[in-house]
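Subject: Structure handover

Hello,

Here is the structure we spoke about. My notes follow it.

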Amino acid sequence: MSVIFECERVTKAYGGLLAVKDLSFSVEEGEVYAIAGPNGAGKTTLFDTISGVSPVTNGTIRFYGQEIQRRRADDICRLGIARTFQTTVSFDTQTVLTNVLVGAAMGRPGTGKITLEFDQEAIQTALDVLEFCGLLDKQDWPASSLSVSERKKLMLATALATKPKLLLLDEPVGGLNRQERSDMVEFVRKVNQLGITVLMIEHIMKAVQALANRMLVLHHGEKIAEGVPSDVLRDERVIEVYLGGKHREKLSDNGGR
Amino acid sequence: MEKLMQAIYGGIVYGSIFGMMALGLTLIWGALRMLNLAHGSLYLVGTYIAFTLVNILKVPMVPALLIAALGTAVVGFGIQTLLLNRILGKPGWDVGSLIVGVGVGMAIDQSILLIYGPRVKQMPPLIPGIFKIGRVVINYNYLVVVAVAVISLVLLSVFLSKSRHGLAIQAVSQQPDAAQLMGIPTRTVFLIVMCISAALAGLAGALLSTVYQVQRESGANAMVMALVVTIFGGLGSVKGTIWAAYIVGLLQSFLMVYLGAGTALPGVFLFMMLMLVIRPSGLFGLGEAQRL
Amino acid sequence: MIQEESLSTQSVATRIEERLKPSAVPWSRLSVLPVVIALLVSLALPWVADLLPFGKFILHLLILFFLWGIVVQGWNLIMGVSGIFSFAQVALFAVGAWTSGVITQQLGWSPFVAMWFGPVAATVVAVILGLPTLRLRGAYVVLLTLGFQELFRNFTTQGPNFVAGGGYGLRYVPKFPFEEWVGGDKAQFLYYYLALVFFVIATFAIWRIFYSPIGMAFRALRDAEVYAISRGVSPFRYKLFLFGFVAFFTGWAGAFYVHWYGAISPAIMLFGTTINLLAMIVLGGWGSFWGPIAGCAVLTVLPEIMRAVEQYRILLLGIVLALVAIFAPEGLFPLLLRWVRRLLGRQTR
């Protein structure tokens, strides 16, 4: 397996506050890599810097060996990195199809020029993605009328429509009920099986354990553990520092939340 | 030296006046996230209530001022309960509230025109007379205006930072969702903010009717300066707005004294635009959280 | 990957057709017949109007409708479709008018040559003004653009004499030489046709943008900016394009205006004009294509009919504006359309 994505000594500061400190890790092609950590650990900040939404303060981020930390967010998307957001977001006033078309027409590699026509490839990509996500029947619904889990899926669909090599998922199962969670886990696995590498933020351990090949635990912007989930979750430091005493039983119980 | 004195004196007078107008705008922005373009019209409501009471009904000035402030607050109450409450918290609030402001403003301005006619009117000063320091002419009336403005600004600051309702307003301004979760009745808070803001505008309108002439354009002019001040201070910041009021007041006064009256308005506008480009969050603003 | 099942182009086309629902797509086709009819009617209109008692006046109103129609459609693209609260559109109109007017007055060029410099100047100004708005949003954009309009108004009242004309703005601007061509009577016809050409070109261009990937990108940026950027929409590219594109047509309308009236006053940049245009968009239908055009038609004609009760009209307009914003935020025109459709639907059933 080869390294597809790499963060090297990445630091992100807001004023005097260090949200991410000197963080290094790498993701291999085809794997599912999870980042866990309590609220305020700097996970979403990390995603913001990777996806170009806010600039890194220090360090390098490489994608297929190419430095991307100074690129703009829309550019990074066209390179093949697509992200989702922690809060479910959609283009509310637009139809489901149009939502996906935005990604397919603007975010695929080689697109991005201002054009007057929708090219056939974009339309086809959008339809394929909708079919894959099971949203084809609802293509003419306004995005705002979908249920929460459908909107989450739509957000993922728009990401897939950009034909990413690396998918960044910010809490894919957050806010879902038990049934929807296991559906989403299944769905992420299906996406991964297409050959798309997944880097995800998740603090629901059950989902992490079900999906991740490797994981990393972030605390106050620093890496405190990295490795195979079963090892990491047994790490004393992780249990003590990050989850606190009261979660100990739950964790060893293999449960998470 | 006299020029300098003149400029500083003018700046303090302008600053006090701008402060009263701008504080109302900034409070509404902070709590409701609404750019209230009817604010100038509320100012006019105050002006014309005072005019009616003093010139037509021969009520003494002090009760007239109070009634003007109260009456304008009632109008604000009406706008909030009859109109704004219906779209509060719904998608499209920014657009909707902006247009409601424009529409209500038009309706108020036009009603005033229909009732009072287009003629410019005069009000007697609160206290007539002048005295001189060196060759700078100081008007008693201006001093009263400054005093009332400063007293109301101080009272409001104390109210905001000390009283229960004031703290609730601040909480809602900073974290509306969290405030609601903590059991603060946000709708009541919005209503209070709207009433206070309207009362301030009305009081400013009534006070200034003794300084300027009573005419329809004065509402829009006052609002424009208030907008400039809120930008300087950072929309939503109370402390920033009060500082900014005096800074803009001094700026305008200095431009008028040293470069001529015609340069004041363009100069201030140019400054505002530069401020927006260089430091959009204002002198003291906290900046806007990026939305998705 | 999902898309990697290689399909021949032909079967791709059919696969698209059979899966696509027409009600879901963001594009639109122009139906030829109504357009041809509308064009024929507008071509014949001056001749018909000439037979009516107030023919000259009707023509005048139509030309006004074309001009403000261009401005309003552009503004709707910026504000309704893209959600950028620019309040400087009348200033851009004025930049176009002043540029072209001053060129004809000071350099003695023909209006037909000068009128191209108006839109170019407006475009340049709009792009410069657009740069800071990339970082600002909402109320801040309102203030920046209002500030610009005030500054420009000030410049045209107090600036050098060849711009301000002692506070009256531009007067005695050379008009298009239509009167010399066809005589005073029919000159208004040529003004009408020229305005019609402007209007049709602008409307078609805006229609193309509205239903293209560009329009989709604008709406995406409006609905959720950071999300749209993360899906490959470049805000920089699209917003500057938007500002420049709209300003070009707005400046064009301004240039036409000045060579039609032969004068322009700084008073046009008072807040009242802006509010009137805003009302056209809001009443017609914020963000819809036909709504603002319909709103413009109604609010161009209404003031002229209601001139006797002008003051009550403004009062009423204010109240209606506030009520529409609350009870019919998508505008009156879409609402009417839906009622008509429902009525027709009932009849066919």
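Helices (H or I, at least four residues) and strands (E, at least two) are DSSP runs, numbered from the N terminus. This is a predicted model, in which local features need pLDDT of at least 70, side-chain atom pairs count only at pLDDT 80 or more, and totals for chains, interfaces and linings use all residues. Residues are numbered from 1 along each chain as its sequence is written, while chains are lettered from A and ligands numbered from 1 in the order in which they are written.

Helix α3 of chain C

α3(C) covers residues 55-81. Of its 27 residues, 20 are buried, so α3(C) is largely enclosed by the rest of the structure. Buried is 20 or more other C-beta atoms within 10 Å of the residue's own, exposed is 12 or fewer, and partly exposed is in between, with C-beta atoms placed from the backbone. After α3(C) comes C:G83, with a positive phi near 70°.

α4 against α7 in chain C

The axes of α4(C) (residues 89-107) and α7(C) (residues 139-158) come within 9 Å and cross at roughly 30°. Axes are lines fitted to C-alpha atoms, for helices over the stretch in contact, with angles from 0 to 180 degrees between N-to-C directions. The contact (C-beta atoms, placed from the backbone, within 7 Å) is made by C:V90, C:A91, C:A94, C:V95 and C:W98 of α4(C) and by C:F148, C:Q149, C:F152 and C:T156 of α7(C).

Chain C against chain A

Chain C gives 34 residues to this contact and chain A gives 45. On the chain C side, α11(C) gives the most, with seven residues.

Most residues other than glycine have a negative phi. A:D22 is not a glycine, yet its phi is positive, about 50°. A:D22 sits in strand β2 (residues 17-28) of chain A and counts as partly exposed because it has 14 C-beta neighbours inside 10 Å. B:K58 also has a positive phi, near 60°. B:K58 lies in the loop between α2 (39-56) and α3 (61-87) of chain B, and with 8 C-beta neighbours inside 10 Å it counts as exposed.

Regards

Notes: Expected span 1.5 Å × (residues − 1). Contact = placed C-beta atoms within 7 Å.
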